[in-house]
Amino acid sequence: MKHKKVKLPQDNLPHDSIIEWWYFNGHLKDKQGHNYAFMNCLFKADIRKVNIPFLNKLPFKKNYSSWPYVYFAHAIISDISQQKSHQDIQLMSWVSGDSFTKDLLFINYTDLLSAYNYINNEITEITPGNFHLKNKNIDLQLKARKKPLLEGGSGFVTISQHQTYYYSLTDLDTKGSILINGKWLKVTGKSWLDHQWADVPYQKNKWSWFSLQLDNKTEIVCVEYSDGKNNDYFADVIDKNGKSSHHRQIKLTPQNNIWTSSKTKAEYPLIWNLEIPEKKIKLSIKSIAPEQEIIFGSINYFEGPTKISGTINKKKVQGLGFMELVGYPSDYNYLLLIGRGINKKIRNRIAVKLNKIKQKIK
């Protein structure tokens with residue numbers, strides 16, 4: 001991939017690449033002090049090159065307006081106190097004709113398979129660094145309080161021989177509303193944006209990724225990437241003044257706290273230790289919501305909020321973050337899993353109808 005420095009806001013817009021995504025996560029709090037977390041990601045893939053068998057089976061034809069690109073979206077919102085999560089997985093997203101037509105980022109999309117229950121989803125950059133994010137469970141305004149973190153120093157990283165453009169907005173002041181148990185709640189908090197694009201077809205490799213937001217106003221992104229033979233690492237750190245550094249010598253060590261998915265049988269380590277010797281950083285990263293597995297076709301991964309504690313230069317710090325664990329071995333039949341889900345919906349509908357009949361008889 002020819003390397004050029006990332007420039008914003010221009011590079012918030014889409015690129016002619018095999019894979020690209022706009023990813024947001026955040027921690028929120030309502031007026032009563034209850035804690036929540038969210039993730040929202042829109043993916044864009046070149047259907048001719050992406051090499052994901054599940055996508056290649058979708059009814060996607062050359063006469064579609066977005067050809068050769070297909071879009072899909074994953075979102076999850078977590079009620080931390082109740083230890084419950086609510087997912088919104090779009091197997092295929094329909095992007096509006098006026099998306100990507102403005103000087104700043106504007107994406108309007110919906111779930112193609114839910115035509116009879118239309119819900120508008122939106123990712124809009126209102127002014128540079130000021131975003132509106134909306135799906136069926138969130139409606140948020142996010143404003144950058146710090147300059148972008150350009151991973152690798154220029155926004156271009158090579159890891160395990162894979163090259164990607166990559167930048168983050170690590171400190172987004174957030175306010176708006178979230179939908180919990182049928183009720184919209186006013187919330188405030190702090191969010192994170194990752195934007196990546198690369199000419200890399202999907203491979204069943206494994207990675208463990210973390211975004212960390214600390215109380216001393218330092219943010220860190222770090223990842224371990226495995227191609228099945230070798231592991232590669234990097235971390236980028238941005239301090240309270242916006243000064244950033246890139247590090248390859250880091251240690252990411254899973255601890256013996258494993259959550260096993262009842263659906264896919266995948267085993268995910270939910271506690272990790274991070275060390276960045278050059279910055280004298282030693283941190284413990286712990287999941288705070290275990291039921292966070294996302295299943296998309298034959299792909300399963302863990303995406304969830306974390307809490308952080310440890311030291312930088314021997315000074316105590318704490319904070320919040322997110323954990324993404326992809327490529328962990330699983331043992332499940334996707335079609336069987338989907339069938340069970342459909343059967344459950346049918347049983348629930350029958351139960352509702354029977355209850356209505358009983359009420360009438362009474």
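The dialogue below goes through salt bridges, aromatic pairs and a charged patch in a predicted model.

Me: What should I keep in mind about the numbering and the model before reading any feature?

Reply: Residues are numbered from 1 along each chain as its sequence is written, and side-chain values use heavy atoms, with hydrogens and water left out. Since this is a predicted model, local features need pLDDT of at least 70 and side-chain atom pairs count only at pLDDT 80 or more, while totals for chains, interfaces and linings use all residues.

Me: How many salt bridges does the structure hold?

Reply: A salt bridge is a side-chain nitrogen of Lys or Arg within 4 Å of a carboxyl oxygen of Asp or Glu, and the structure holds eight of them. One of these joins Arg 48 to Asp 46 at 2.9 Å, N to O; Arg 48 is exposed at 52% relative accessibility, whereas Asp 46 is buried at 2% (buried means under 20% relative accessible area, exposed over 50%, and partly exposed in between, with a 1.4 Å probe and protein chains only).

Me: Which parts of the chain does the salt bridge of Lys 190 and Glu 219 tie together?

Reply: The side chains of Lys 190 and Glu 219 meet at 3.3 Å, N to O. Lys 190 lies in strand E12 (residues 183-198) and Glu 219 in strand E14 (residues 219-226), so the pair ties together parts that are 29 residues apart in sequence; strands here are DSSP runs (E, at least two residues), numbered from the N terminus. Lys 190 is buried at 19%, and Glu 219 is buried at 0%. Through shared partners, salt bridges join Arg 145, Lys 146, Asp 171, Asp 173, Lys 190 and Glu 219 into one network.

Me: How many aromatic pairs does a search of the whole structure find?

Reply: Rings of Phe, Tyr and Trp (its six-membered ring) pair if their centres lie within 6.5 Å, and planes under 30 degrees apart count as stacked, over 60 as edge-to-face and the rest as tilted. The search finds 17 such pairs, among them the edge-to-face pair of Trp 21 and Phe 43, with 6.0 Å centre to centre and 65 degrees between the planes. Trp 21 belongs to strand E1 (residues 19-30) and Phe 43 to strand E2 (residues 35-46), 22 residues apart. Trp 21 is partly exposed at 22%, while Phe 43 is buried at 13%.

Me: Where is Lys 280 placed?

Reply: Lys 280 sits in the loop between strand E20 (271-276) and strand E21 (281-287), and this lysine is exposed, with a relative accessible area of 57%.

Conventions: Helix = DSSP H or I, 4+ residues; strand = E, 2+ residues; numbered from the N terminus.
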